[in-house]
Amino acid sequence: MAKISRVRISRGAPKPLFDSIFLTCEHGGNLIPPEYAEFFAGKREVLKTHRGLDIGALAVAKQLAVKLDAPLLYVEISRLLIDLNRSSHNPRLFSEFTRTLAPDLRRQIIDKHYTPHRRAVELAIKKEISHGRRVLHLGIHSFTPVLNGVKRQAEVGVLYDPIRSHEKSISERLVMSLKSHLKAASCAWRVRKNYPYYGSSDGLTTTLRQRFKSSQYFGIELEMNQAIVSSAAGRKQMTTMLSATLKELVSPS
């Protein structure tokens, strides 16, 4: 596994709230392994929609990893097989296509496709923390522009747990910096905190907050509107804005 990118600051600069950056993407693709293909017979079109994957998220995550020199752990198995951003006890861990499978088959999916990713992320972060480093974990996601007939009112969402003071501080600085960069670029994107979901809702970051102290682990999810990141031009612009913002947090002026 690649080493986690560690914060470097110049002498005299304010000390950042974190020492390492780590990226993940839990809904990066819509692949269905051949052994489960029969359960999706005639349902291939749904795999191409926002229900099957976070459209554009993995491409942005890969570009951010390069620009930030940070490691990225991602999965390309469809969330309709199993949702890696759900806790194992969540009733929506499996979709309507897989939740009625025999228990031994569901356990096989968990063992082969769910547990390895979750364990790898936790171990990587644990290793950094064991060396006294504070880790900023960025989960890269995207959301559909319209859900159940309601248009979403943002282009970027920053999800965090407001109860965790360090995480809240980083998130607020991230939002302020991103808005500043957008304004300078005359870009009218709207940035909202804990939108279109709550950062304290069930997810990988929520689980990891239970594993690590609030002074050591900061789990933030970046949600991007698929109206932007479904195109190459939009993904490039999104990556440019996010990377500039995150670099500013790493090395504040």
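**One arginine and its surroundings**

Tutor: Let's start with Arg 173, which is partly exposed, with a relative accessible area of 31% (buried is under 20%, exposed over 50%, partly exposed in between, using a 1.4 Å probe and protein chains only). Before going on: this is a predicted model, where local features need pLDDT of at least 70, side-chain atom pairs count only at pLDDT 80 or more, and totals for chains, interfaces and linings use all residues. Residues are numbered from 1 along each chain as its sequence is written, and side-chain values use heavy atoms, with hydrogens and water left out.

Arg 173 belongs to helix H4 (helices, H or I, are DSSP runs of at least four residues and strands, E, of at least two, numbered from the N terminus). Setting aside neighbours within four places in sequence, Arg 173 touches Leu 17 and Leu 249, contact meaning heavy atoms within 4.5 Å. Glu 248 sits 75 residues away along the chain from Arg 173, yet their C-alpha atoms are separated by 9.7 Å.

H4 (residues 165-184) and H7 (residues 232-250) have axes that come within 9 Å and cross at roughly 130°; the axes are lines fitted to C-alpha atoms over the stretch in contact, with angles from 0 to 180 degrees between N-to-C directions. H4 is therefore oblique to H7 (under 35 degrees is roughly parallel, over 145 roughly antiparallel, 65 to 115 roughly perpendicular, and the rest oblique). The crossing is right-handed, as the near helix is turned clockwise from the far one by less than a right angle.

Who does the touching? From H4 come Ile 170, Arg 173, Leu 174, Ser 177, Leu 178, His 181 and Leu 182, and they meet Met 241, Leu 242, Ala 244, Thr 245, Leu 246, Glu 248 and Leu 249 of H7. These contact residues split into nine nonpolar, three polar and two charged (Ala, Val, Leu, Ile, Met, Phe, Trp, Tyr, Cys and Pro are nonpolar, Asp, Glu, Lys and Arg charged, the others, Gly among them, polar).

Follow the chain past H4 and you reach Ser 186, in the loop between H4 and strand E8. Ser 186 isn't a glycine, but its phi is positive, about 55°. With 69% relative accessibility, Ser 186 counts as exposed.

H5 (residues 204-211) packs in turn on H3 (residues 103-130), at an angle of about 45° and with axes 11 Å apart. So H3 and H5 are oblique to each other as well, and their crossing is right-handed. H3 contributes His 117, Arg 118, Val 121, Glu 122 and Ile 125, while H5 contributes Leu 204, Thr 207, Leu 208 and Arg 211. Here the contact residues comprise four nonpolar, two polar and three charged.

H3 itself bends by about 40° at Tyr 114, with Pro 116 following within four residues; the bend is the angle between axes fitted to the seven residues ending there and the seven starting there. Buried residues of H3 include Tyr 114, His 117, Arg 118, Val 121 and Ile 125. Just after H3, Gly 132 takes a positive phi of about 80°.
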